[in-house]
Amino acid sequence: MTRPKASLGGDYFESMFQGDEDPWGLESSPYEQAKYNHTLSALAGRVYAQGLEVGCAKGVLTSRLAMQCGSLLAIDVSGTALMAASARCAPYGHVAFAEMAFPHQAPVHAFDLVVLSEVVYYWEDRDIRRSAEWIRLHLEIGGDLLLVHWTGETDYPQSGDDAVAKLQDALPAAMDVIAAERCPNYRLDLWRRRAA
């Protein structure tokens, strides 16, 4: 298999959301629902002051993360996805949305939770390093970085395992590993920012 060398751009995701009501089965798949349950349980009931979800899609996970964040910013590159996410999360006044192509476009303030669920494998190596630098500057001491990635075959720039390993290599001194769990078809990694 030949992987694309460049990060997948916004046009790819916009076409996915315009062409399919439920791309990847994010809203309807029992697998996705079980994965969301595992994602939330990994946070162990912790309530975060400021959360960031990168690649929120149509807001299915966002609506559940909202319960664990005093304030939550959810970003995506697809305007179509963001409209659906905003409608789904309308009851939550503390959830905001922004169209951003992370890591090239990123929030400027700090967070104590950053969620990268099914996104890092879309990035080329340089963008993984760029995201690591942003995390180093914007994830608060004691804050959590939660990663969840498919471990099967992909036709993206990275496999799930390579994506996580490369991000971890780019943050070697900054993070403590709280959880590293392998499940059928995906992995969940929870890292906590340590004091310098």
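Modeller: What follows covers the fold, the sheet, the pocket and a few individual residues. This is a predicted model, in which local features need pLDDT of at least 70 and side-chain atom pairs count only at pLDDT 80 or more, while totals for chains, interfaces and linings use all residues. Residues are numbered from 1 along each chain as its sequence is written, and side-chain values use heavy atoms, with hydrogens and water left out.

Biologist: How many helices and strands are in the chain?

Modeller: The chain has six helices and seven strands. Helices (H or I, at least four residues) and strands (E, at least two) are DSSP runs, numbered from the N terminus. From the N terminus on, the order is α-α-β-α-β-α-β-β-α-β-α-β-β. The radius of gyration of the chain is 15 Å, close to the 16 Å that the globule rule gives for 196 residues, so the chain is as compact as a globular protein of that length. That radius is taken over C-alpha atoms, and the rule is 2.2 Å times the number of residues to the power 0.38.

Biologist: And what is the strand order in the sheet?

Modeller: The seven strands form an open sheet in the order E3-E2-E1-E4-E5-E7-E6, with mixed pairing. Two strands pair if DSSP finds at least two bridges between them. Strand E3 (95-99) and strand E6 (175-183) stand at the edges with a single partner strand each, so one side of each has no neighbour in the sheet. E1 and strand E4 (residues 111-117) pair in the parallel sense over four bridges, and Val54 stands opposite Leu116 in E4.

Biologist: Which strands does H2 touch?

Modeller: H2 packs on the sheet and touches strand E5 (139-150), E6 and strand E7 (186-193), where contact means heavy atoms within 4.5 Å. The direction of H2 makes about 20 degrees with that of E7. Axes are lines fitted to C-alpha atoms, for helices over the stretch in contact, and angles run from 0 to 180 degrees between N-to-C directions. Helix H5 (residues 125-138) lies across E1, E4, E5, E6 and E7, running at about 145 degrees to E5.

Biologist: Changing topic: which residues lie nearest the centre of the largest pocket?

Modeller: Those are Phe13, Ser117, Glu118, Val119 and Tyr122, out of 40 lining residues. On a 1 Å grid over the protein atoms alone, a pocket is an open set of points where a 1.4 Å probe fits, with protein on both sides within 12 Å along at least five of seven lines; lining residues have an atom within 4 Å of a point. The largest share of the lining, four residues, comes from H2.

Biologist: Lastly, what does Tyr92 touch?

Modeller: Tyr92 touches Ser63, Ala66 and Met67, not counting residues up to four places away in sequence. Tyr92 lies in the loop between helix H4 (79-88) and E3.
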